[in-house]
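Here is a brief report on one structure. Look over the sequence and the model first.

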Amino acid sequence: MNKTCPCGSQKALAQCCMPYITNHSAPTAEVLMRSRYTAFTLHLADYLFQTTSLAERRFTSKREILEWAQQNTWLKLEVLASTAQTVTFKAYFLDAKGQAQVHHEKSTFKEVHGKWYYVKGKLEP
Ligand SMILES: [Zn+2]
């Protein structure tokens, strides 16, 4: 399959986010963030749940993740800034009513035993 990766890298999905999704092996916070966006577009709630930090999982349900992923049409990801542990991005999507929306978030990530996890996100104005 030669599908272009939804994360905006211009690479093929199979050479970009998919290996990270399959192996939970993203090497940096930004790569994890991009692969999580791609997982949203592909409705891969297992990966989104598994890459959420353990402490946060009790506030998150896989079902809610899946519903959020499915009810929106994901258009585009823009990574605006990243550091070792944070990524600021805009995700463009159409909501369930077909209205264009922008999700602007600064996410925090942490590495545990060589794997990166999403800790929390703060909405940016
Ligand atoms: Zn990608």
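In what order do the four strands form the open sheet? The order is β1-β2-β3-β4, and the pairing is antiparallel. β1 (73-82) and β4 (115-123) stand at the edges with a single partner strand each, so one side of each has no neighbour in the sheet. On average, neighbouring strands are turned by 30° against each other, direction ignored.

This is a predicted model: local features need pLDDT of at least 70, side-chain atom pairs count only at pLDDT 80 or more, and totals for chains, interfaces and linings use all residues. Residues are numbered from 1 along each chain as its sequence is written, and side-chain values use heavy atoms, with hydrogens and water left out.

Some terms come next. Helices (H or I, at least four residues) and strands (E, at least two) are DSSP runs, numbered from the N terminus. Two strands pair if DSSP finds at least two bridges between them.

**Strands and helices**

Strand β2 (residues 86-94) pairs with strand β3 (residues 100-112) in the antiparallel sense, over nine bridges. T88 stands opposite K106 in β3.

Contact means heavy atoms within 4.5 Å.

| Helix | Lies across | Angle to β1 |
|---|---|---|
| α2 (residues 29-42) | β1, β2, β3 and β4 | about 170° |
| α5 (residues 62-71) | β1, β2 and β3 | about 105° |

**The zinc site**

Which protein donors hold the zinc ion? They are C5 (SG), C7 (SG), C16 (SG) and C17 (SG), lying 2.2 to 2.3 Å from the ion. Donors are N, O and S atoms within 2.8 Å of the metal (3.2 Å for Na, K and Ca). In sequence, the donor residues are spaced C-x1-C-x8-C-C. C5 lies in the segment before α1 (17-23) and C17 in helix α1, so this pair ties together parts twelve residues apart in sequence.

The four donor atoms subtend angles of 103 to 115° around the zinc ion, which makes the arrangement tetrahedral. That label requires all angles between 85 and 135 degrees. The ideal angle for four tetrahedral donors is 109.5 degrees.

Are these cysteines buried or exposed? C5 is buried at 4% relative accessibility. C7 is buried at 1%, and C17 is buried at 2%. Buried means under 20% relative accessible area, exposed over 50%, and partly exposed in between (1.4 Å probe, protein chains only).

The whole structure has zero disulfides, a disulfide being a pair of cysteine sulfur atoms within 2.5 Å.

How values were computed
Axes fitted to C-alpha atoms, helices over the stretch in contact; angles between N-to-C directions. Tetrahedral: all angles 85-135°; square planar, octahedral: opposite > 155°, others 65-115°.
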